[in-house]
Amino acid sequence: MAASIIDGKAFAVRLRGQLAEHVAQLKQEHGLVPGLAVVLVGEDPASQVYVRSKGKQTVECGMRSFEHRLPAEASEAELLAIVEKLNADPEVHGILVQLPLPSHMNADLVISAINPAKDVDGFHISNVGLLGTGQKAMVPCTPLGCLLMLRAHHGNLSGMEAVVVGRSNIVGKPMAQLLLGDSCTVTIAHSRTRDLPAVCRRADILVAAVGRPEMIPGDWVKPGATVIDVGINRIERDGKTVLVGDVHFDSAAAVAGAITPVPGGVGPMTIACLLANTVTAACRAQGLPEPEGLSA
Ligand code: NDP
């Protein structure tokens, strides 16, 4: 294997340590305790695991964690009433409504009800607009985690050729905006892209956010490229359920310069960046200096 492994798990541990220090300082010097509220509707098992993990890590970093649960049959009005309450609560600096929502709820409407300054997921249209115009925004956690790892690995990304495969609002598009903000030459590829292998082979930085297990093989990867695999896919292999990315790890690692594994790459950074966004939101709300290097 030629590639070095970008260890997202270790990176996330360091980031959480840095955040815990910043939180302790905020508490001591300003009496400020950043607070994150997570709202979960329904009993989706994967969402329950994410919410538990978010709550636990929030508390471990010295922050306040608030959890609100609604049954799957709750009305949209009930959910909006909780969001309104959290918008007005001075102890809550970050609000996250766990997606997906039940089909009778309009996720766009619910997200637009969150105060953009507390929108730690970075999905509110105001934050999307701020990011798109290169202004200070709350940045979606998964692409922010990818950017922080890329910056740590390369230092300066300026002038690099970046290809993002996937154009979702949650990952692909904000990832492309962030890379553009760091002066990469960015291509966004998707299901209609012609000759995807050739497009991928141009990339110094290849980000895969597709949701198709091991779709990108090593011969689509430029020798020496940095590969960021956002995909999380559960597949059956040898009678077991295993997690794999959108990149075929072994063949890609044989040609890439560096690669994130799945699991243990982008995933752990996503929650760490949610905590970072909460600290950033708390500092912005109080006009205090933000933790350095943790925003776009
Ligand atoms: P979406 O399904 O919203 O978007 C997938 C994108 O991939 C679409 O833009 C689609 O193109 C494109 N695509 C699908 N098939 C192909 C193909 N054959 N060739 C090229 N492009 C294709 O997914 P998300 O962005 O939400 O998530 C992507 C992956 O990242 C998933 O595996 C998800 O589980 C994972 N994920 C991981 C996170 C983490 O914390 N690590 C967080 C969020 C997501 P088109 O628009 O043309 O349909």
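Modeller: Helices (H or I, at least four residues) and strands (E, at least two) are DSSP runs, numbered from the N terminus. Pro263 lies in the loop between strand E11 (258-259) and helix H10 (266-286). A cis peptide bond joins Val262 to Pro263, with omega about 0 degrees.

A word on the source. This is a predicted model, in which local features need pLDDT of at least 70, side-chain atom pairs count only at pLDDT 80 or more, and totals for chains, interfaces and linings use all residues. Residues are numbered from 1 along each chain as its sequence is written, and side-chain values use heavy atoms, with hydrogens and water left out.

Now look at Pro100. The bond from Leu99 to Pro100 is cis, with omega near 0 degrees. Pro100 sits in the loop that runs between strand E4 (94-97) and helix H4 (107-113).

Next come positive phi values. Ser183 is not a glycine, yet its phi is near 65 degrees. Find Ser183 in the loop between helix H7 (172-181) and strand E6 (185-189). Its relative accessible area is 41%, so Ser183 is partly exposed. The classes are buried (under 20% relative accessible area), exposed (over 50%) and partly exposed in between, with a 1.4 Å probe and protein chains only.

Glu214 also has a positive phi, about 50 degrees, and is not a glycine. Its loop joins strand E7 (205-208) and strand E8 (226-229). Glu214 counts as partly exposed because its relative accessibility is 23%.

Now step back to the chain. It holds 10 helices and 11 strands. Its radius of gyration is 19 Å, close to the 19 Å that the globule rule gives for 296 residues, so the chain is as compact as a globular protein of that length. That radius is taken over C-alpha atoms, and the rule is 2.2 Å times the number of residues to the power 0.38. The C-alpha trace spans about 50 × 45 × 35 Å along its principal axes. Buried residues make up 49% of the 296 residues.

The chain is divided into domain 1 (31-115) and domain 2 (141-268). These bounds come from an automatic or database domain assignment. The C-alpha centres of the two domains lie 29 Å apart.
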